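Colleague: I have not looked at this one before. Can you take me through it, starting with how the chains meet?

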Protein chains: 2
Amino acid sequence: MLKPGSTIGILGGGQLGRMLTLAAARLGFDAHIYTDVAESPAARVAAKATHASFADDAALAAFARDVDVVTTEFENVPARTAEALIAAGVQVRPGALALATAQDRILEKRFFESLGVDTVRFAEVGAEAELAAALRTIGAPAILKARRMGYDGKGQARITHTDQAGAAWARIGGAPAILEAMAPFQYEISVVAARSADGAFAAYEPGRNVHEDGILRRTILPAGAPPATRAEAERATRKIAEALDFVGVLCVEFFVLEGGALLANEMAPRVHNSGHWTEAAGATSQFEQNIRAVADWPLGPVTRLFDATMENLIGEEVESWPALVADPAVHLHLYGKRETRPGRKMGHYTRLAPLGSGPG
Amino acid sequence: MLKPGSTIGILGGGQLGRMLTLAAARLGFDAHIYTDVAESPAARVAAKATHASFADDAALAAFARDVDVVTTEFENVPARTAEALIAAGVQVRPGALALATAQDRILEKRFFESLGVDTVRFAEVGAEAELAAALRTIGAPAILKARRMGYDGKGQARITHTDQAGAAWARIGGAPAILEAMAPFQYEISVVAARSADGAFAAYEPGRNVHEDGILRRTILPAGAPPATRAEAERATRKIAEALDFVGVLCVEFFVLEGGALLANEMAPRVHNSGHWTEAAGATSQFEQNIRAVADWPLGPVTRLFDATMENLIGEEVESWPALVADPAVHLHLYGKRETRPGRKMGHYTRLAPLGSGPG
């Protein structure tokens, strides 16, 4: 077990890194943020921060010397960054396999399939010339997504008719891609779960996610999924975590089909927006849970204490804070970002209601 | 209402300042810690820190320019420090009257009396020569306390027989003192409450405090005090807060006598150790509540969600952390202090039990 007073290195300096830092502080740990972005919400609450490129070997070596373990707030950590840290003798949790799998939509879907976890039908599109054949295989409507570096709906284009193929290819920037069938899903749920190096596993109850314009709008607990669906989602998440020898918190999103069957959509090898409700309504927040897992501490209880709706504050929506803080059922979390931009996640709030009353 | 992104200045850099900083961060505020101690647990999580004497006018002026409001984690802020900040145009909350009253045990007790709040019998002891007369008035056993700068049982000496007077005087360092009668109390409770500039007031349910060697050992909720006693304690606390035009969180300790009558013992014009349970078992933590009050935000709900026992981790007791983090009923908070010393508060934990089940 990592001793209090140790330093936890965190790759990335956004709101997830900030919330990890605050959770680490309560347990007596210092955080050291490594970010390539000058203005970092996480760095402002961390004991130390390094502002450098993820390709800066000297900065990575100094960071590795200063920290006792490394975790991450984002999946797109370059493979060579993780390798450099591991070579410098520090543990990176989650490890290189989990990061590489989550970075590449094709690898990720093949990995799901290899475990017997159903996913949407997909085809690899390495070049524009392959798109027509992929569309014949998958059919329209379908979604063309860049294989790598997509988030919050970025790097995606919907293809309703085959004659939109060229425009879609241009929209995602002509990068290697995946074409995914549109699943006829009723709703989406996500399982946020933690796994320790000793194999201990704890899944929070899945929440129901509502997206708008590709960005998570809200997460609702309880999700209203049938018990068998919930159990299957947790089983699949555990299978995924074990196959990756995962250490930390991960999130797997699932489409729920009519009848309750599941299709895995994607995974995030880190704390996740759809788990933010755990800070206000869970016995242990996902941020504390991630710190516990990477510090080899026992996982905390994942009991849900309230019915809850977590709502993101995107762009100018953050200006609603005066009404939110006046509402006694609302637990507000603002990220301290200096600049409000359209589409930027500025904060979130969780509206609480007594257990069993339905989300507030 | 102070806008998120503003900077809250905090006088003092210990664990209370650290917990205030963490609470401020969640609401989108930066904290700027002002401390005269080199190693500060609070500074390690704050956006900014000034390490300077409380008499350093230049440092105070720069601090005042950087912050939007000032609050404090300790009562012994020198009067001229508060004056310098106020003169520099920044609001200090709580204000000079509350600080001056809480700094001086004689002023404090006279203030209680002026409000009709019963307190223990006491006599002023300005010099050693006055001690014998004071002992005749108050009777033995009694407690001799330095008028100023005492905390955690420091600056106190018990006098069981009059012939111990000289030793007691020496023990408290020969400073101006107060002699207090030993109240025949059954137990102690404390009210932690918040007041806003607009007069809004919210008191947490009082906890029962157990001291050992002058240091708070644990706080237990529910306290088991009769409803009328609880109501009277909250009424007295409100009276005190209003008379001081208090803005922020304060704590008033009361002795409960047989039959349920109360004697006010002392007050703290700040968040208080006996309110730490609110972080784990309250709808709003006392730290968030203090930030809300000084930022002119509405006070949060003070509902208690669990039965709870908050236990301090003093000195080497902090080494019990591995067992504590493995207990799912325990909510642990470690202060990140670098050095473990006897009597030093290193952390605390709150053991939770369902409401109505009695403290765990």
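Colleague: How many salt bridges does the rule find across the interface of chain A and chain B?

Modeller: The rule finds 4 salt bridges across that interface. A salt bridge here is a side-chain nitrogen of Lys or Arg within 4 Å of a carboxyl oxygen of Asp or Glu. One salt bridge joins the side chains of Asp30(B) and Arg44(A), at 2.9 Å from N to O.

Colleague: Before going on, what kind of model is this, and how are residues numbered?

Modeller: This is a predicted model, where local features need pLDDT of at least 70 and side-chain atom pairs count only at pLDDT 80 or more, while totals for chains, interfaces and linings use all residues. Residues are numbered from 1 along each chain as its sequence is written, chains are lettered from A and ligands numbered from 1 in the order in which they are written, and side-chain values use heavy atoms, with hydrogens and water left out.

Colleague: Back to the interface. How many residues does each chain give to the contact?

Modeller: Chain A gives 35 residues and chain B gives 35 residues, with contact meaning heavy atoms within 4.5 Å. The area buried between the two chains is about 2800 Å², and carbon and sulfur atoms give 61% of it. Buried area is the accessible area (1.4 Å probe) that two parts lose on being put together, summed over both.

Colleague: Which three residues of chain A supply more of its buried area than any other three?

Modeller: Arg26(A), Trp321(A) and Val325(A), which supply 23% of the area that chain A buries against chain B.

Colleague: Now inside one chain. Which residues make a salt bridge at 3.1 Å, N to O?

Modeller: The side chains of Arg93(A) and Asp296(A) do. Arg93(A) is in the loop between α3 (79–87) and α4 (96–103) of chain A, and Asp296(A) is in the loop between α10 (286–294) and β15 of chain A, so the pair ties together parts that are 203 residues apart in sequence. Helices (H or I, at least four residues) and strands (E, at least two) are DSSP runs, numbered from the N terminus.

Colleague: Is Arg93(A) buried or exposed?

Modeller: Arg93(A) is buried, at 8% relative accessibility, whereas Asp296(A) is partly exposed at 34%. Buried means under 20% relative accessible area, exposed over 50%, and partly exposed in between (1.4 Å probe, protein chains only).

Colleague: Where is Gly315(A) found?

Modeller: Gly315(A) is in the loop between β15 (307–314) and α11 of chain A. Gly315(A) counts as buried at 2% relative accessibility. Leaving aside neighbours within four places in sequence, Gly315(A) touches Thr340(A), Arg341(A), Gly343(A), Arg344(A) and Met346(A).

Colleague: What does Arg341(A) pair with in a salt bridge?

Modeller: Arg341(A) pairs with Glu339(A), at 3.3 Å from N to O. Arg341(A) is partly exposed at 38%, and Glu339(A) is partly exposed at 44%.

Colleague: Over to chain B. Which residues of α4(B) are buried?

Modeller: They are Ala98(B), Leu99(B), Thr101(B), Ala102(B) and Gln103(B). These buried residues pack against β4 (69–72), α3 (79–87), α5 (105–114) and β14 (262–268) of chain B. Thr101(B) has a relative accessible area of 6%.

Colleague: And where in chain B do Glu288(B) and Arg292(B) lie?

Modeller: Both lie in helix α10 (residues 286–294), 4 residues apart, about one turn of the helix.
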